[in-house]
Amino acid sequence: MKEISIMYILNLALRRLWALILAAVVFACAAFGYCKFLATPRYSATASILVTNGAILVQNTTTEDDETVSSTDISASVSLMETVIDILKTPDIFRTLSDEIGNRRSYSSLKGMISIASRSNRSLFIDITFTATSSEEAIDLVNKFVALAPDYISDFIPYSYATVTSTADGAALVYPKTTFLIMVAAVVGAVLAFAVAFIVDSFDHAILGEADLAANFDIPIIGTVPDFESVGVLSTSNQTAGGKYNAY
């Protein structure tokens with residue numbers, strides 16, 4: 001069994017460097033071909049709404065002398081976030097959205113395209129993201145959804161206040177990430193090529209030279225026997241007139 005060390009691994013990698021590079025290039029090209037010709041692109045567009053329990057709005061609009069917001073009101077508003085998110089995941093708003101877009105998509109497929117999350121644990125903002133196969137569709141869906149959201153939330157929580165704080169004017173390509181996938185594929189290809197080289201080398205018990213013998217066996221080397229056959233030290237092709245052979 002060959003001793004496995006850092007130097008052994010480095011030497012093996014250097015000996016098989018051409019194979020590692022070739023495998024990395026092949027896998028990278030395959031990843032590029034997949035991203036360019038086979039993968040279906042997906043785009044995400046995000047808009048947001050602000051939701052409070054209504055007390056914050058009333059306080060700021062009806063009281064001229066005191067425009068401060070109490071921590072109790074903020075805490076009460078924050079506690080609504082999970083409930084509001086659950087409301088926005090109910091089927092009826094998706095049925096209304098499906099009607100808004102001319103029933104191009106069913107309400108169940110629309111539910112599978114959306115992501116709804118509070119911006120943080122103490123935030124009053126809810127971010128809504130739609131992911132679609134085109135940027136135009138993603139933008140259209142998310143903007144129509146947030147337009148429906150305030151009235152839909154008020155139907156469930158009459159004393160709440162919801163407003164759209166931002167709409168989407170662009171969509172980001174979320175899949176495929178071509179550069180990232182190419183890099184990952186190249187690394188995977190190189191690693192697999194090295195694994196194959198390592199397995200093959202592990203089952204190869206041939207001694208390739210004095211250095212290989214010293215590296216794998218803890219025994220002293222007394223001397224070496226030259227391979228006369230391979231270097232052609234003796235030649236029987238030249239024969240003298242007396243029937244004798246000459247040695248070279």
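Visitor: Is Asp127 buried, exposed or partly exposed?
Guide: Asp127 counts as partly exposed, because its relative accessibility is 22% (buried means under 20% relative accessible area, exposed over 50%, partly exposed in between, with a 1.4 Å probe and protein chains only). This is a predicted model, in which local features need pLDDT of at least 70 and side-chain atom pairs count only at pLDDT 80 or more, while totals for chains, interfaces and linings use all residues. Residues are numbered from 1 along each chain as its sequence is written, and side-chain values use heavy atoms, with hydrogens and water left out.

Visitor: Which residue forms a salt bridge with Asp127?
Guide: Arg119 does, with the closest N and O atoms 2.8 Å apart; a salt bridge here is a side-chain nitrogen of Lys or Arg within 4 Å of a carboxyl oxygen of Asp or Glu. Arg119 is partly exposed, with a relative accessible area of 45%.

Visitor: Which residues do salt bridges with shared partners join into one network?
Guide: Arg104, Asp140 and Lys144 are joined in this way. Within that group, the side chains of Asp140 and Arg104 meet at 3.9 Å, N to O. The pair links distant parts of the chain, with Asp140 in helix H8 (residues 135–156) and Arg104 in the loop between H6 and H7, 36 residues apart. Helices (H or I, at least four residues) and strands (E, at least two) are DSSP runs, numbered from the N terminus.

Visitor: How many salt bridges does the structure hold?
Guide: There are 6 salt bridges. One of them pairs Asp201 with Arg15 at 3.1 Å, N to O. Asp201 is in helix H9 and Arg15 in helix H1, 186 residues apart. Asp201 counts as buried because its relative accessibility is 6%, whereas Arg15 is partly exposed at 39%.

Visitor: What is the span of H9?
Guide: Helix H9 (residues 178–202) has 25 residues and reaches 36 Å from its first C-alpha to its last, close to the 36 Å expected at 1.5 Å a residue; the expected span is 1.5 Å times one less than the number of residues. Its buried residues include Ala185, Gly189 and Ala193, and their cover includes helix H1 (6–15) and helix H2 (17–38).

Visitor: Where does Pro176 lie?
Guide: Pro176 lies in the loop between strand E5 (172–175) and H9. The peptide bond from Tyr175 to Pro176 is cis, with omega near -5°. Most peptide bonds are trans.

Visitor: New topic: is Thr129 buried or exposed?
Guide: Thr129, in strand E3 (residues 125–132), counts as buried because its relative accessibility is 17%. Its side chain makes a polar contact of 2.7 Å with that of Thr46; such a contact is a pair of N or O atoms within 3.5 Å, where within protein one must be able to donate a hydrogen and the other to accept it, and residues adjacent in sequence count only if both atoms are side-chain atoms. Beyond four places in sequence, the residues in contact with Thr129 (heavy atoms within 4.5 Å) include Ser44, Met113 and Val142.

Visitor: And Tyr107, which residue makes a side-chain polar contact with it?
Guide: Arg95 does, at 3.4 Å. Tyr107 is in helix H7 and is partly exposed, with a relative accessible area of 31%. Tyr107 also touches Pro91, which is 16 residues away in sequence and 7.1 Å away in space, C-alpha to C-alpha.
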